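Let's take a walk through a protein model together.

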Amino acid sequence: MEIAACRAEDLEVLERFMPSNSVDGHHGARFARQEAGGSTYLIPWLDGRPVGHAEVRWTGCEAPGVRAALPGCPEINGLAVWPESLRSQGIGTALVRTAERLARERGLGVIGLGVDDGNPRAAALYARLGYRPTVAYVDRWAYVDADGVRREQAEACVFLAKAL
């Protein structure tokens, strides 16, 4: 497996193998943030196909409570391994370790990520990797459904942080 920063030519392949749940394209938005210098969009490749993603947002978590508690802390956002049959095979761990390495290379001493209260499997992984709970918050996001209707979502989460 190889993990690399997303390239423009990867976007079509990502949509084919891991379609965005929004017609306005989450992959494209993440790539645009990377191009603007605000993040690094990591893609793991296995046998020539993408098998997940994670965006390291250098600007941190957007939730005000997290920003107040951990100013300047970059966030690992949108970590996913796909298809589900590839989970628990080290891909998520490799994505987190790559994000940590990139943060250390930037001279940062901490990194964090959010996990929703209904995802104990991910929470267990992050705990094994040394992430500790810091602040509860509500993660809010929106997407545009197939009918062109903007849908807003909210989930109770905990932001976990790790000293590097």
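A polar contact is a pair of N or O atoms within 3.5 Å; within protein, one of them must be able to donate a hydrogen and the other to accept it, and residues adjacent in sequence count only if both atoms are side-chain atoms. Keep in mind that this is a predicted model, where local features need pLDDT of at least 70, side-chain atom pairs count only at pLDDT 80 or more, and totals for chains, interfaces and linings use all residues. Residues are numbered from 1 along each chain as its sequence is written, and side-chain values use heavy atoms, with hydrogens and water left out.

Start with H53, in strand 4 (residues 52-57). Helices (H or I, at least four residues) and strands (E, at least two) are DSSP runs, numbered from the N terminus. The side chain of H53 reaches the backbone oxygen of G78 at 2.8 Å. With a relative accessible area of 9%, H53 is buried; that word means under 20%, while exposed means over 50% and partly exposed in between (1.4 Å probe, protein chains only).

Now hop to helix 5 (residues 120-128), whose buried residues are A122, L125 and Y126. Looking down the axis of helix 5, you'd find these buried residues within an arc of 95°, so they line one face. (The arc is that of the directions from the helix axis to the C-beta atoms.) On the face turned away sit the exposed P120, R121 and R128.

Last stop: P133 in strand 7 (residues 132-144). P133 counts as exposed, at 61% relative accessibility.
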